[in-house]
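Subject: Structure for you to look over

Hello,

Here is the structure for your files. Please open it first, then read the notes under it.

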Amino acid sequence: MEESRRKGQHRWGMVVDLDKCTGCGACVVACSVENNQMLGSPEEAAMGRVIRWLKILPKTEVEGSHVRQNLIPMPCQQCENPPCIKVCPVYATFKNEEGIVGQVYSRCIGCRYCLNACPYTCKFFNWKKPLWPDEMRSSFNPSVSVRPNGVVEKCLFCHHRLQRAKEEAVAQGRNLQEGDYQPACAEVCPAKAIVFGDLNDSESDVSRLCKDPRAFHLLEELGTEPKVTYLREGV
Amino acid sequence: MEISRRAFLKLAGLLGAGSVLPSWARETVLKPRETPLPQPGKETFVQGICGMCPAGCGIRVRKMDGRAVGISGTQDHPINQGSLCPKGAAVLQELYHPDRLRGPLVREGPRGAGRWTAISWEEAVRRIAGRISKANLEKVKRPLALLTPGEPKDVHQEALKGLAGSVGEGNFVTLESSPRTFWDLDRIRLLVSFGFDWLQTHPSPVEAQRAFAKLRRWPGRQRTHVVQIEPRFSVTAAKADEWMPIRPGTEGVLALWLARELIVNGSYGKAYIQGHTDGFEEFKRAVEMLSLERVSRWTQIPEKEIKLLLLKFIHLKPAAAIMGSDFIFNRMAVSALNMILGSMGSEETVWTVGGLEKREESAERFRKAAPQVMIVDRVNPVFFGSGQWKSVLENVPFIVTVSPHMTETAEISDIVLPCHTPLEQLHLSQHSTIDGKSVLNASPRAVEPLYDTKDPGEIFLLLKRVVEGAAPALGEFQSYHKIRAKELKGESLLEPEGEVRWMEIPKSGKMLERFRFSPLVDALKHRVPELKGDAEFPLFLYLFTPLAFFRGEGAHLPYLQSVAGPQAQETWGTWAEIHPDTARKYGIVDGDRVWVESRRGKIQVKARLVPWTMPDVVSVPVGLGHTAYGRWAKGLGANPLEIAEGDGVDPQFRGGRCRLMKA
């Protein structure tokens, strides 16, 4: 059994209920603000270089005059078996003991192997030094570093919030509890479609929802074992 | 200490590089490339009110040494319950926008020349008050007009009304106000929207998303069947159980046919109709002329599907039909259908219309008699008002705009007064939740103002005092705000370190009076919807507003640009959704630049061929195409309101007719 599945350890996971999600994009904006993400521009958008760790992926099926479209909020899938970490020559991307796939910017040499390896296109390369007007630097989240050019970045499940929650729990002399730690996207969701928690805790909401018959993973056949689970639309 | 091979090499490399490199290169090579974060300081959290739209959500602001660095929803606030919409989440970008106005400006040279000189607040107030007093003395028909958003009902609007009251009457105009609907989410089984993209344009965005989730699955409640009738496959249509594409503007006819059939079937509450409406018998006769075949031809919905919809109305009860602020005929028709369903207007029903306020046909009113002085309060009619307002404002000799940004309206103004952004403002406002509760919000400033700006209310109080010949008093608005809060029993909400910024208050929404069918009967006699073809402009222009640009605002914030078009994956530009069959006729392929032309003009946009729109309908988003409004909005995309036949004041815009040309 892998380290993160051992008893007593946390294993963080997310469930997105597509039946409730309305694709409003609040999670995308909250994620951008929380993680000091680049501002973007029309030019970068045209080249597909605007970095958003969480994006809304439309999945459309047309059959005759019938159309179905799912708007799927897509953060890093936090694979249990992540293809990206296997190709990193410098150990800049790794999976930590709690299952979060991390990225160390100062170690990254910008080879972009991991970008190619990620089947979910959830890793992003900083092609340019991000431009920040001086005024906007005031609102940088001090808990998250601003990435330089030449490195890869990705969703870390708001790992800095986990650190903080752990420190607070230690200060209060207790263990981490369900709900102590929520990433920005789950916290902001107006439809309460994003649920986050500990997969090792069989009582947690995420564990319960993962067993829902509607549950599925993106590109399940690749064997990446994502820790982001989706619940299909419909009854 | 154990030194690993990696650490050793790193250290050796650094030492080597450091000693070998000349001193000028050492700086470039060894300096870390990351943008340094501001030094973390003292962290505090304050509770406040969002203010990015009139919904009135509670927010919790994370601050570092007074700087706002994070935002989240207030957990127990009755409106947002801990969540935010994308606009609320972007409130920090509004506060720290680099192109915000930093002090009062007076225009130099002709209108629109873009030359401005900074002046002091005293001087600005003196000049404006001087103009108002002069116009007042001259006894002109309309000395002053004030243009303001209809919502929220707050302390700033109250101060503006005070200023309006001191100079003449009939001079206070709200630019937008749509009836709020209250939904009984626990009971509703069928929700049919007649052209209302409510997930994107509901006046309370957070509540709309939450309501949807609740309709879908909620412990102890049955799943609601959701139907969306709309020409475009909107986000709401994508999320609905069924999307029924309909020819633009014919939603009302469909609603009336359904009403007719429900009457024929006897599936309506006779007691309810008697108790709440007048003119039912007349209405019953009037709708007899609507045959299924005709309605199907008008709406372009197959007869079978219309019948199926009727069955849903008969069997899934309670049902509700909703509509946006659409053609008045459609609005009346959908209201009539609700009456037949017995689902509107009283306490027991599924949904009610409260605080119904008639929107004033303001542009028309001013076209005839232009005011001498016009004060535009935090709205942008030049961008939003589809040409009408532009021509009205041209005839106004003196325009003052109050806004945090240099908007299109500010650009043609004589004096621009910068107001605080929502996080810097004092808040005191009344709101209603989607299920009909009334909420009082009150909060002190979440952050101290960054620049030489003022609360909108303070500006109006100052102006009022000077117009009335008194000396301007500094700090008057702060005490006014406190006194009003006290009068509303909300003074405890203003505690500087307070955790609670809201309280529930008795319901203020008036219930609808008896519903009268007669205007609808008259309309049916005289104005049966036209179905004339248009050889010159054969296509329909259908305008929609993405949630990111809700109320036409938001293009100035880069994070909102990123979420504007999730369905077609379009961002940072204006696109047109065209059916492949229609595109083929014009030789257009996906991604082409095309002209969308109407009788009023033409705009250039990117063509997106999508099978999920109706043939002969060109759908274009509203919100881009600014000629001002800061670096991110200016010059990006095109404004379809420039060519639309309706006006932009309605939350949902009408387009009119158009044609396509390859650019």
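**Helix H10 of chain B**

H10(B) is mostly covered: 11 of its 15 residues are buried. Buried stands for 20 or more other C-beta atoms within 10 Å of a residue's own; exposed stands for 12 or fewer, partly exposed for anything in between, and the C-beta atoms are placed from the backbone. Helices (H or I, at least four residues) and strands (E, at least two) are DSSP runs, numbered from the N terminus.

Before going on, two points on the model. It is predicted: local features need pLDDT of at least 70, side-chain atom pairs count only at pLDDT 80 or more, and totals for chains, interfaces and linings use all residues. Residues are numbered from 1 along each chain as its sequence is written, while chains are lettered from A and ligands numbered from 1 in the order in which they are written.

Back to the helix. H10(B) covers residues 251-265. From first C-alpha to last it reaches 21 Å, close to the 21 Å expected at 1.5 Å a residue. That expected span is 1.5 Å times one less than the number of residues. The buried residues include B:Trp257, B:Arg260 and B:Glu261. What do the buried residues of H10(B) pack against? The partners are strands S10 (190-194), S11 (225-229) and S14 (319-322), with helices H13 (292-299), H14 (303-315) and H15 (328-341), in chain B. Packing here rests on contact: two residues whose C-beta atoms, placed from the backbone, lie within 7 Å. Just after H10(B), B:Gly266 has a positive phi of about 75 degrees.

**Chain B overall**

Chain B holds 24 helices and 28 strands. Of its 663 residues, 53% are buried. Among its contacts with a separation of 6 or more, 73% join residues 24 or more positions apart.

One open sheet has 4 strands in the order S7-S19-S20-S21 (chain B), paired antiparallel. Strands count as paired if DSSP finds at least two bridges between them. The edges are S7 (153-154) and S21 (502-505) of chain B, each pairing on one side only. Strand S20 (residues 438-443) of chain B runs antiparallel to S21(B), with 4 bridges joining them. One bridge partner pair is B:Ser438 with B:Ile505 in S21(B).

**Two residues to look at**

B:His97 sits in the loop between helix H4 (91-95) and strand S4 (105-108) of chain B. B:His97 is buried because 22 other C-beta atoms lie within 10 Å. Setting aside residues up to four places away in sequence, B:His97 touches B:His556 and B:Gly630. B:Thr421 is 324 residues from B:His97 in sequence, yet 9.9 Å away in space, C-alpha to C-alpha.

A:Ala169 lies in helix H6 (residues 159-171) of chain A. Is A:Ala169 buried or partly exposed? A:Ala169 is partly exposed, because 15 other C-beta atoms lie within 10 Å. Beyond four places in sequence, A:Ala169 contacts A:Arg174, A:Asn175, A:Leu176 and A:Asp180.

**Where the chains meet**

The contact takes 48 residues from chain A and 54 from chain B. On the chain A side, H1(A) gives the most, with 7 residues. That side divides into 28 nonpolar, 11 polar and 9 charged residues. Nonpolar covers Ala, Val, Leu, Ile, Met, Phe, Trp, Tyr, Cys and Pro; charged covers Asp, Glu, Lys and Arg; the others, Gly among them, are polar.

Best wishes
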